[in-house]
Amino acid sequence: MSKRIENHPVLGETPERELVKFTYNGQTLEGYKGEPIAAALKVAGVMAHRYTKKRHEPRGIFCAIGRCTDCVMVVNGQPNVRTCITPLEEGMVVQTQYGASAEKDF
């Protein structure tokens with residue numbers, strides 16, 4: 001059973017969309033082209049997008065509008081990408097972020 005909202009009571013039915021494949025920490029996942037990366041990850045059960053540098057605490061979607069940095073991840077080798085507002089594309093490489101860089105520094 002899908003975790004996606006297919007028929008919203010106010011917005012109506014979700015139109016047909018193109019499924020694309022991307023990788024998350026080496027695992028191949030699917031999502032819809034153009035949806036926020038964070039949405040595709042949430043459907044796959046991924047809740048922690050990054051870990052804080054000092055206390056190693058997990059962070060995930062908080063504001064979902066690109067204002068905070070809780071959902072930042074390493075996308076295609078670039079750290080600090082706000083996944084809640086970045087559209088998903090075919091072949092993207094998404095990785096959990098540790099601290100403030102692309103390298104696991106703790």
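Q: In what sense do strand 5 and strand 6 pair, and over how many bridges?

A: Strands of a sheet pair through backbone hydrogen bonds, either parallel or antiparallel. This is a predicted model, in which local features need pLDDT of at least 70 and side-chain atom pairs count only at pLDDT 80 or more, while totals for chains, interfaces and linings use all residues. Residues are numbered from 1 along each chain as its sequence is written, and side-chain values use heavy atoms, with hydrogens and water left out. Strand 5 (residues 50-51) and strand 6 pair in the antiparallel sense over two bridges, and the bridge partner of Y51 in strand 6 is P58. Strands are DSSP runs (E, at least two residues) and helices likewise (H or I, at least four), numbered from the N terminus; two strands count as paired if DSSP finds at least two bridges between them.

Q: What is the strand order of the open sheet of three strands?

A: The order is 6-5-10, with mixed pairing; strand 6 (58-59) and strand 10 (97-98) are the edge strands, each pairing on one side only.

Q: Which strands pair with strand 7?

A: Strand 7 pairs in the antiparallel sense with strand 8 (residues 78-82) over three bridges, and V72 has R82 as its bridge partner there. These two strands form a hairpin with two residues between them, and N76 in the turn has a positive phi of about 55 degrees. Strand 7 also pairs in the antiparallel sense with strand 9 (residues 93-95), over two bridges, where V94 is the bridge partner of V75.

Q: Are the residues on the faces of strand 7 buried or exposed?

A: V72 and V74 on one side, and M73 and V75 on the other, are all buried, that is, under 20% relative accessible area (1.4 Å probe, protein chains only), whereas exposed means over 50% and partly exposed lies in between.

Q: Which residues of the largest nonpolar core touch the most other members?

A: In soluble globular proteins, nonpolar side chains tend to be buried together. Of the 14 residues in this core, those are F22, Y24, I37, L41, L88, M92 and V94; strand 3 (19-24), helix 1 (37-43) and strand 7 (72-75) each supply at least two of its residues. A nonpolar core is a set of buried Ala, Val, Leu, Ile, Met, Phe, Trp, Tyr and Cys residues joined through side-chain atoms within 4.5 Å.

Q: How many disulfides does the structure hold?

A: The structure holds zero disulfides, a disulfide being a pair of cysteine sulfur atoms within 2.5 Å. The sulfur of C68 is 3.7 Å from the closest cysteine sulfur, in C63, which is too far for a bond.
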